[in-house]
Amino acid sequence: MKKITGLIWNLLRQFKYVIVVFLGVLIVGFVDENSFMQRFKYEYQIEELRSEIDKYMHRYEADSKRLKELERNPGEISKIARERYFMKADDEDIFVLSDDE
């Protein structure tokens, strides 16, 4: 038994720097809150958020363009009211067709 423990201590003394470096890489790479795995998760979240920002920027540009059109042409307001809210002028009838069963 003493030979085995002596052999283990010799190996530990001989490879102490390798063991310390291995444990350090293991802790920093996988266990720590700033690990490589967390870094990949954060990169994925950043890409998702950038795509969401692009989506909202395109929507903002389209809405701004629509708003400018509404400011220039007052007839557009009545067109939107008819399309979205089913409003009508005094002299017309509206028929809403639906394919719902």
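User: By about how many helical turns are Arg50 and Glu47 of helix 3 separated?

Analyst: The model is predicted: local features need pLDDT of at least 70, side-chain atom pairs count only at pLDDT 80 or more, and totals for chains, interfaces and linings use all residues. Helices (H or I, at least four residues) and strands (E, at least two) are DSSP runs, numbered from the N terminus. Arg50 and Glu47 are three residues apart in helix 3, so their separation is about one helical turn.

User: What is the N to O distance at which Arg50 and Glu47 meet?

Analyst: An α-helix has 3.6 residues a turn, so residues three or four places apart point the same way. A salt bridge is a side-chain nitrogen of Lys or Arg within 4 Å of a carboxyl oxygen of Asp or Glu. The side chains of Arg50 and Glu47 form such a bridge, with an N to O distance of 3.6 Å.

User: Is Arg72 buried or exposed?

Analyst: Buried means under 20% relative accessible area, exposed over 50%, and partly exposed in between (1.4 Å probe, protein chains only). Glu69, at 29%, counts as partly exposed. Arg72 has a relative accessibility of 63%, so it counts as exposed.

User: Within what arc do the buried residues of helix 4 fall?

Analyst: In helix 4, residues 75-85, the buried residues are Glu76, Ile80 and Ala81. Seen down the helix axis, they line one face of helix 4 because they fall within an arc, taken from the directions from the axis to the C-beta atoms, of 140°.

User: Which side chain of opposite charge is nearest to Glu76?

Analyst: Lys and Arg count as positive and Asp and Glu as negative, with His and the chain ends not counted. Leaving out residues up to four places away in sequence, Glu76 touches Arg66, Glu69 and Leu70, where contact means heavy atoms within 4.5 Å. Glu76 is buried yet has no salt bridge; at 4.4 Å, the nearest side chain of opposite charge is Arg66.

Methods
Residues numbered from 1 in each chain as written. Heavy atoms only, no water.
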